[in-house]
Amino acid sequence: MMGAGKTRVGKEVAHLMRLPFADADVEIEREVGMKIPAYFERYGEPAFREVEADLIADYLEDFDGIFSLGGGAPMTPSTQDALADYIADGGRVVYLDADPHEAMERANRGGGRPMLNGDANARWKKLYRQRDPVFREVANVHVRTRRQTPQMAARKVMDMITERTVHVTGAAIDPYDVVIGEGAMNHLADVLGDKVAKVALIHTQPVQRHSDRARTLLRQGGYDVVDIVVPDAEAGKTVDVADGVWRRLGDEGFTRSDAIVGVGGGAATDLAGFIAATWMRGIRYVNCPTSLLAMVDASTGGKTGINTAAGKNLVGSFYTPAGVLADTKTLASLPNDIFIEGLGEVAKSGFLEDTEILRILEEHADELRAFDGASFLGSGLEEVVSELIERTVTVKVHHVSADLKEKGKREFLNYGHTLGHAIEKLEHFRWRHGNAVAVGCVYAAELARQLGYIDQELVDYHRALLSSLGLPISWNGGSFEDVLALMHKDKKARGNMLRFVVLDGTPGHMIHLEDPPAEAVEEAFRRIRH
Ligand SMILES: NC(=O)c1ccc[n+]([C@@H]2O[C@H](COP(=O)([O-])OP(=O)(O)OC[C@H]3O[C@@H](n4cnc5c(N)ncnc54)[C@H](O)[C@@H]3O)[C@@H](O)[C@H]2O)c1
Ligand SMILES: O=C(O)C(=O)C[C@@H](O)[C@H](O)[C@H](O)COP(=O)(O)O
């Protein structure tokens, strides 16, 4: 809208992002050789809109930078089409949604606006009623800037236009988005919506500073926040901890109009999702993953659960979140070893579907292995990691969308997990999940080679890639008998039949392997012991 600060904020964004800036009105005045009010006076609005639409079409084609449009421009149908094409090509169209009173006041102060001739405030309000729904429709980024300085608004715009979003949909899934980027957590209130009253913020102690931020955002959004700190890592994924949280929800009077927000690594988001799935048979929840592994895998797809004496993740439910906000700012506090662990699931997704992931991992192995949260934000590595998160989540979403309840295709996401979960259990969860999965992928590759599905070169490639990332490729813990017993309890097993997922030929081609010969299962195990 007029007075929203498009030029001022646009210039700030351009400055922050070191991009050129152009203002449609300034460019039109240059082109027609006169001021816009004079042009309106002489030729009328329709002629002006024509010039404007042509100029905008040219800029959308050729200009790489931040381009500020006049408030009336998106009302022209040809400009709406041009903006839709621009978005289809990956562009961002930002609706800068300012406080109406502030915008009106600014618009009047400037003067020289032909659209506000007469009673300026009444004209502004009328235009707002006409334009607001159109702006919402044509923009793919909606930035609310109430009570923000131009610098704050610019920072918010920059964060939001550099975000990546993966949309999740499919049979029996209420569609939701996985938003990846610095500041993604700012969407919390938008995702929870205005029907929710109370929010239980479930998190662990090591991510306190991130849950503090979530709490502030929730309170600003008008929610009543109940802070629930759970034991860290796998110690939080137990029935006793779940019981403690259920009691707390009962004491606080949580009903079906309330919600859960999970902040933390995969263990915390698995537990938070499980609580949401079970409390009153299901309430709304949003995940804010803070570890790489939780961002690329655990927070999305709706597998929620806890561990029991019988094994890892054996109790749980498929229960889809309302949204996932993977705020890369949180990675600044992530220790190096936990970051590297997350690369285990990233590599897994490369093997199973997206070979570009493997290429990126190879190219950036040294930087990834040396990850340091303190220097991560704003570094070149942040862009690489954001792309890896987006690609890995996309692989996950392909499988989840096609098969939420894991009847077939989704099982491919379990590459490396049949042995991986057994290792975790036998190591009493002192081994991190992603590390166990890395060894599990080498095991699955060895098994596939035993049975002639892949060649030695691909097995060697597994070892070379995973170790270049700092991931383990062998395990010398429990006995084969112990491992075998646990692999029989894997959720892919049927009756007494072991089932695995393995590669067939090359990365990107997964198959189910049912009841493989016992000698091959054991020989592959021998080969991961060094
Ligand atoms: N539901 C699923 O689809 C799915 C998928 C993959 C893994 N998982 C589960 O996820 C868990 C593994 O997740 P994980 O690797 O995140 O482990 P985790 O949750 O145990 O987190 C590892 C450690 O990192 C800390 N941490 C997390 N983010 C941090 C941050 N930004 N700064 C500082 N410390 C931080 C945690 O508090 C914890 O101490 C396992 O339980 C696994 O079974 C679930
Ligand atoms: O989402 C899935 O499906 C997966 O299998 C993803 C795995 O990477 C993840 O570790 C999951 O938690 C494993 O689930 P489980 O059913 O084998 O416990």
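In this predicted model, Arg-131 is in contact with Met-1, Met-2, Arg-49, Gly-71, Gly-72, Met-75 and Met-115, once neighbours within four places in sequence are set aside. Arg-131 belongs to helix H7, which covers residues 120-138. Its relative accessible area is 4%. Arg-131 is therefore buried, as this value falls under 20%. An unreviewed UniProt entry lists Arg-131 under the feature "binding site", together with Asp-25, Arg-49 and Gly-71.

Gly-71 sits in a loop. The loop runs between strand S2 (66-68) and helix H5 (77-88). Gly-71 has a relative accessible area of 10%. This value is under 20%, so Gly-71 is buried. Not counting residues up to four places away in sequence, Gly-71 touches Lys-6, Arg-131 and Phe-135.

Attention now turns to ligand 1. The shell around ligand 1 holds 30 residues. The closest are Asp-232, Glu-234, Thr-290, Ser-291 and Ser-333. By class, 9 residues of this shell are nonpolar, 10 are polar and 11 are charged. Several side chains place polar atoms beside the oxygen atoms of ligand 1. For Asp-232, a side-chain N or O atom is 2.4 Å from an oxygen atom of ligand 1. For Glu-234, the distance from a polar side-chain atom to an oxygen atom of ligand 1 is 2.5 Å. Lys-396 also takes part, with a side-chain N or O atom 2.9 Å from an oxygen atom of ligand 1. Taken alone, ligand 1 exposes 860 Å², and the protein buries 94% of that area.

Ligand 2 is surrounded by 14 residues. Asp-297, Lys-303, Arg-410, His-417 and Lys-491 are the closest. The shell of ligand 2 consists of 1 nonpolar, 5 polar and 8 charged residues. Lys-491 has a polar side-chain atom 2.7 Å from an oxygen atom of ligand 2. For Asn-313, a polar side-chain atom lies 2.9 Å from an oxygen atom of ligand 2. An N or O atom in the side chain of Glu-345 is 3.1 Å from an oxygen atom of ligand 2. On its own, ligand 2 has 430 Å² of accessible area, of which the protein covers 93%. The elements that supply two or more residues to the shell around ligand 2 are H14 and helix H18 (417-426).

Ser-468 has a relative accessible area of 22%. That value falls between 20% and 50%, so Ser-468 is partly exposed. A polar atom of the Ser-468 side chain lies 2.6 Å from the backbone oxygen of Leu-465. Leaving aside neighbours within four places in sequence, Ser-468 is in contact with Ala-365 and Arg-369. His-364 is 104 residues from Ser-468 in sequence, yet the two C-alpha atoms are 9.8 Å apart in space.

How values were computed
Residues are numbered from 1 along each chain as its sequence is written. Chains are lettered from A and ligands numbered from 1 in the order in which they are written. This is a predicted model: local features need pLDDT of at least 70, side-chain atom pairs count only at pLDDT 80 or more; totals for chains, interfaces and linings use all residues. Side-chain values use heavy atoms; hydrogens and water are left out. A residue is near a molecule or strand if one of its heavy atoms lies within 4 Å of it. A polar contact is a pair of N or O atoms within 3.5 Å; within protein, one must be able to donate a hydrogen and the other to accept it, and residues adjacent in sequence count only if both atoms are side-chain atoms. Accessible areas come from the Shrake-Rupley method with a 1.4 Å probe; for residues, only the protein chains shown count as cover. Ala, Val, Leu, Ile, Met, Phe, Trp, Tyr, Cys and Pro count as nonpolar, Asp, Glu, Lys and Arg as charged, and the others, Gly among them, as polar. UniProt positions are given in the numbering used here, feature names are shortened, and annotations may be inferred rather than shown by experiment. Helices (H or I, at least four residues) and strands (E, at least two) are DSSP runs, numbered from the N terminus. Buried means under 20% relative accessible area, exposed over 50%, partly exposed in between (1.4 Å probe, protein chains only). Contact means heavy atoms within 4.5 Å.
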